[in-house]
Amino acid sequence: MHTVLVHIEWEKFTKVYSGAVWTQKAGYKNFPVPPNYDHIEVPTERQRLKFYQKVPQYPGNVRPPKMTKRLDLIRGEEEIHRDLLLKQYGIVARRGGMLRHGHLEMIRMTIARKINMSKMFAIWRIDAPWKPITKKGQGKRMGGGKGSIDHYVTPIKAERVIIEVGGKLSHETLVARREQEEKLERENLNRYTFKYLIQNNMMGCHSWVKNIDKIYYGKYT
């Protein structure tokens, strides 16, 4: 059995174990500086997402109107509400579609749980459900006019800003993504793109492509 000699010098904080000298050192670790959100301007009007009604309210003497499908409301790219008004953060739709009341409630509840209302904000950039969707009962025969209103939706197009909120897609990121898409399209070495094929009616593609593709060339559909 080996004999272990232990000697502690408190002034130098050294230890001797069987002739080996160990020196105690106080170490530290560099942690990244937490992000600072002082540059975010919180609007004073309303910081919490507003609750949207499931059914639009009409006067008592007005019968709720019915509409056709109007797929043009979701096709193509948004031309007006595509920029952030407060130039901070937001959530943007990547493609067109129709948002039901359940979708809006899911967004509202998720944002309410994830953000700190004293330091962050959230505002809607879309309207409450207003477009009526009709549906006929199960087993009904064809004809007899348009069905009754089943629910209401909010149609949106691609690149439409849905909400502005602190902590998702920044305004700088949105601008950089658009510049990157324009750069890829400008520097593409392949001249036979889908847009070129449709514009020149190659292989008689006008006879089978959709009319919407002749406008947006396969994008936002």
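These legends walk through several close-up views of one predicted protein model.

Residues are numbered from 1 along each chain as its sequence is written, and side-chain values use heavy atoms, with hydrogens and water left out. Since this is a prediction, local features need pLDDT of at least 70 and side-chain atom pairs count only at pLDDT 80 or more, while totals for chains, interfaces and linings use all residues.

**Figure 1. The whole protein, before we zoom in.** The protein has four helices and 10 strands. Both kinds of element are DSSP runs numbered from the N terminus: helices are H or I with at least four residues, and strands are E with at least two. Starting at the N terminus, the order is β-β-β-β-β-α-β-β-β-β-β-α-α-α. Of the 221 residues, 27% are buried; buried means under 20% relative accessible area, exposed means over 50%, and partly exposed is in between (1.4 Å probe, protein chains only).

**Figure 2. Y52 and W124, a stacked pair.** Here is one of the two aromatic pairs that a search of the whole structure turns up. The rings of Y52 and W124 are stacked, at 5.1 Å centre to centre with 25 degrees between the planes. (Rings of Phe, Tyr and Trp, the last by its six-membered ring, pair if their centres lie within 6.5 Å; planes under 30 degrees apart are stacked, over 60 edge-to-face, and the rest tilted.) Y52 comes from the loop between β3 (20-23) and β4 (89-92), while W124 belongs to strand β6 (residues 122-124), so this pair links parts of the chain 72 residues apart. Y52 is buried at 12% relative accessibility, and W124 is buried at 13%.

Figure 3. The closest N and O atoms of R125 and E164 are 2.7 Å apart. R125 is in the loop between β6 and β7 (131-135) and E164 is in strand β9 (residues 161-165), 39 residues apart. Both partners are buried.

Figure 4. The side chains of R177 and E159 meet in a salt bridge of 3.1 Å, N to O. R177 lies in helix α2 (residues 171-186) and E159 in the loop between β8 (148-156) and β9, so the bridge ties together parts 18 residues apart in sequence. E159 is buried at 4% relative accessibility, whereas R177 is partly exposed at 23%.

**Figure 5. I163 and the largest nonpolar core.** This core has 15 residues, and I111, W124, I126, I162 and I163 touch the most other members. (A nonpolar core is a set of buried Ala, Val, Leu, Ile, Met, Phe, Trp, Tyr and Cys residues joined through side-chain atoms within 4.5 Å.) Strand β9 gives the most, with three residues. Beyond neighbours within four places in sequence, I163 is in contact (heavy atoms within 4.5 Å) with residues including L49, I91, I107 and W124.

Key:
A salt bridge is a side-chain nitrogen of Lys or Arg within 4 Å of a carboxyl oxygen of Asp or Glu.
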